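Me: I'm just starting to learn how to look at protein structures. Could you walk me through this one?

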Amino acid sequence: MPQIDVHAQAQSSPQQVWTVLADTASWADWAPFDEVAVEQGHELGEIRRLRTGRITTRERIVGFDPPRRYVYEIVSGLPIRDYVAEIVLSPSQDGTQVRWQARFAPRSRARAGC
């Protein structure tokens with residue numbers, strides 16, 4: 001199963017980083033999305049729509065533990081399955097250590113046309 005593991009250092013406190021991360025409306029300002037909108041819910045269970053060019057994905061928040069842990073899954077829009085990502089914020093001497101991990105499985109060619 002493919003995995004992504006990215007580490008970054010933020011100069012802000014975990015609470016400040018969390019405030020930006022949890023503000024879905026701001027994502028298009030700092031991430032490579034043309035549009036981000038909440039379709040339903042709030043925090044845990046929230047479903048949001050993210051569009052970049054002609055590609056639109058939908059994600060559901062499945063873990064929400066402020067200001068430390070944020071987990072989401074992709075529910076539609078990409079030719080993958082079982083995608084789950086986790087963002088963990090940890091205090092550090094310089095601010096906040098940010099770790100983003102994701103795992104997923106490619107959708108088989110037989111299922112891609114379904």
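Predicted model: local features only at pLDDT ≥ 70, side-chain atom pairs only at ≥ 80, totals over all residues.

Me: What is the bridge partner of Arg51 in β4?

Reply: Strand β3 covers residues 47-52, and strand β4 covers residues 55-65. These two strands pair in the antiparallel sense over 6 bridges. In β4, the bridge partner of Arg51 is Thr56.

Me: Does Glu59 count as buried or exposed, and why?

Reply: Glu59 is found in strand β4. Residues it touches include Leu50, Tyr72 and Ile74, and its side chain makes a polar contact of 2.7 Å with the side chain of Arg48. The cut-off for buried is under 20% relative accessible area. Glu59 has a relative accessibility of 8%, so it counts as buried.

Me: Which element supplies the largest share of the lining of the largest pocket?

Reply: The largest pocket holds about 620 Å³ of space. Of the 25 residues that line it, the closest to its centre are Trp27, Trp30, Ala31, Phe33 and Ile87. Elements that each supply at least two lining residues include α2, β3 and β6. The largest share, 4 residues, comes from α1.

Me: What is omega at the cis peptide bond between Pro66 and Pro67?

Reply: Most peptide bonds are trans. Here, Pro66 and Pro67 are joined by a cis bond, and Pro67 has its place in the loop between β4 and β5. Omega for this bond is about -15°.

Me: What is the phi of Asp82?

Reply: Most residues other than glycine have a negative phi. Asp82, in strand β6, is not a glycine, yet its phi is positive. Glu43, in the loop between β2 and β3, also has a positive phi, near 60°. For Asp82, phi is about 60°.

Note on methods: Residues numbered from 1 in each chain as written. Heavy atoms only, no water. Pairing = 2+ DSSP bridges. Buried < 20%, exposed > 50% of the residue type's maximum accessible area, 1.4 Å probe, protein only. Polar contact = N/O pair within 3.5 Å; in protein donor to acceptor, adjacent residues only side chain to side chain. Contact = heavy atoms within 4.5 Å. 1 Å grid on protein atoms, 1.4 Å probe; cavity = no way out; pocket = protein on both sides within 12 Å on 5 of 7 lines; lining within 4 Å. Points joined across faces, edges and corners; volume = space filled by probe spheres on them. Lists of a residue's contacts leave out its neighbours within four places in sequence.
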